[in-house]
Amino acid sequence: MVSQAMISVDEALERILSYFDRLEPEERPVPDALGQVLAEDVESTIDIPPLDNTAMDGYAVRAADTEGASEANPVRLRVSGELAAGYIFEGEVTPGSAVRIMTGAPVPRGADAVVPFEETDESSTGSDREFGTFAKSASEVGVLKAAKLGANIRRAGEDVGRGTLVLPQGTVLRPAQIGVLASLGKATVRVIRRPVVAILSTGDELLQPGQPVEPGKIYNSNAYSVAAMVRESGGIPRTLGIATDTVDALTAKIGEGLDADMLITSAGVSRGDYDVVKEVLAKEGDIDFWTVRMKPGKPLAFGAFPAGDRKVPHIGLPGNPVSSMITFELFGRPAVYKMLGKSGWQRPTVRAVAEERIVNTDGRRVYARTIVSQREGRYYASLTGPQGSGILTSMAQANALAVVPEEVAAVEVGDEVECLLLD
Ligand code: AMP
Ligand code: MG
């Protein structure tokens, strides 16, 4: 159903999201899966740590041997060897003996406690001794304090037991989860794949950055800001370059993007004579709606292009650089999140005290670029200068968007306003 009426932001988002589903899983190298969503339950096939090991540098002992030890009356133990992390001690800690042992080293057979250096006479007599230079035979150590059974021993499987569910399907992989997967010995992991987002800029006036300036032309910034937002939200941007403002040029370029999961165009959706995106969408695809009750960003086309047995959803962003960023933020980012299988795409919000008046002239939902700061436990919002939708630097300074509801004609100085935090 084509909606020619101006629809609300919420309805536009709902309609757009109805075109997207979670994508299929893929196997990825663990380090590359940062930010992706697990598509499998991950169980451990090993114990972590794999063996009982020492949490301290010190001496592996039999706790019973150290009973009654004190500074005044140390218990003397024969040192039968030395063990670094990564090695297994072949012998056994027999009564009256100890093994000098480094953090992470497996606890030798026979030992049931570790006495840290600080609780032996090595702390005063030989703590600066290099590892490996210890005279094994005829060495002794004095224990200055009785050790409790199991002291300073990390038990096998205390972090993860073999066979336990460590990360359930649906988990978002953050750095800690990446580390946990590596600790399980996994090199690859099954995750929902990242969506490919094709980005096409339209307009006879556009020049690619890197080209010399030309009279009447402007640099194509939208493809860059939108591609960066796609990447930041977890998608893979694929820029298609620039199409001139003709139906033929646009149709050909759009064809290059139809193997993507979503197609984004910028410009060509307002009422100007040369705004051809809507025309091509209406002719080659299905147009769903093209005006949203918001500012900036009223002209926003949405629909889908057929591509074989698929339909590629298409968001036609407005051309003005601020409008294209804000509309991608509100509609494109949630779509990318949905395809990734992620839920929490909503930005955190705060209620901030307006330090300037924010006007709403015609009953649309206004997204004003603001700097939100915190003083004495309250948030304050000030505008980032002129709010024209072509003034991209207003966006660069902003850390938040203040949202003025449709029915509010102005937020006065001192009023509270809801702000979406962008950082
Ligand atoms: P339009 O939607 O075609 O009416 O364009 C609205 C405004 O956005 C015009 O001033 C265009 O020059 C500008 N504009 C369009 N595309 C881009 C772009 N890719 N980068 C920067 N500005 C653009
Ligand atoms: Mg144009």
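This report walks through the domains, cores, salt bridges and some local details of a predicted model.

## Before you start

Residues are numbered from 1 along each chain as its sequence is written, while chains are lettered from A and ligands numbered from 1 in the order in which they are written. Because the model is predicted, local features need pLDDT of at least 70 and side-chain atom pairs count only at pLDDT 80 or more, whereas totals for chains, interfaces and linings use all residues; side-chain values use heavy atoms, with hydrogens and water left out.

## The domains

The domain assignment divides the chain into domain 1 (6-23 + 194-340), domain 2 (27-48 + 158-192), domain 3 (53-154) and domain 4 (349-421). These bounds come from an automatic or database domain assignment.

## Where domain 1 meets domain 4

The centres of domain 1 and domain 4, taken over C-alpha atoms, are separated by 26 Å. Their contact (heavy atoms within 4.5 Å) takes 15 residues from domain 1 and 17 residues from domain 4. Between them the two domains bury about 1,500 Å², with 66% of it on carbon and sulfur atoms. Buried area here is the accessible area (1.4 Å probe) that two parts lose on being put together, summed over both.

Across this interface the rule finds one salt bridge, as well as seven residue pairs in polar contact, both residues being at pLDDT 80 or more. A polar contact is a pair of N or O atoms within 3.5 Å; within protein, one must be able to donate a hydrogen and the other to accept it, and residues adjacent in sequence count only if both atoms are side-chain atoms. On the side of domain 1 that touches domain 4, the elements giving two or more residues are α1, β18 (294-295) and α7. The largest share of that side, six residues, comes from α7. Helices (H or I, at least four residues) and strands (E, at least two) are DSSP runs, numbered from the N terminus.

## Nonpolar cores

A nonpolar core is a set of buried Ala, Val, Leu, Ile, Met, Phe, Trp, Tyr and Cys residues joined through side-chain atoms within 4.5 Å. The largest one has 43 residues, of which M262, I264, V292, I315, F331 and Y367 touch the most other members. Several elements each supply at least two residues of this core, including α1 (9-17), β16 (262-266), α7 and β25 (400-404). Its largest share, 10 residues, comes from α7. A second, separate core of 21 residues includes A198, L200, V247 and V312.

Which residues does V292 touch, not counting residues up to four places away in sequence? They are M6, I7, S8, V9, A12, K298, L300 and F331.

## Salt bridges

A search of the whole structure finds 28 salt bridges, each a side-chain nitrogen of Lys or Arg within 4 Å of a carboxyl oxygen of Asp or Glu. In one of them, E27 pairs with R190, the closest N and O atoms being 4.0 Å apart. E27 lies in strand β1 (residues 25-29) and R190 in strand β11 (residues 188-192), so the pair ties together parts that are 163 residues apart in sequence. E27 is partly exposed, at 44% relative accessible area; the terms used are buried for under 20%, exposed for over 50% and partly exposed in between (1.4 Å probe, protein chains only).

E329 forms a salt bridge with R347, with the closest N and O atoms 2.9 Å apart. E329 sits in helix α7 (residues 321-340) and R347 in the loop between α7 and β21 (349-354). E329 is buried, with a relative accessible area of 6%. D10 and R365 also form a salt bridge, their closest N and O atoms being 2.9 Å apart, and D10, R365 and E406 are linked in a network of salt bridges.

## A buried asparagine

N360 lies in the loop between β22 (358-359) and β23 (365-375). Is N360 buried or exposed? N360 is buried, with a relative accessible area of 6%. The side chain of N360 reaches the backbone oxygen of V408 at 3.1 Å.

## Backbone details

Most residues other than glycine have a negative phi, and most peptide bonds are trans. A cis peptide bond joins I48 and P49, with omega about -10°, and the bond from K295 to P296 is cis too, with omega near 0°. A267 has a positive phi, near 75°, and is buried at 14% relative accessible area.
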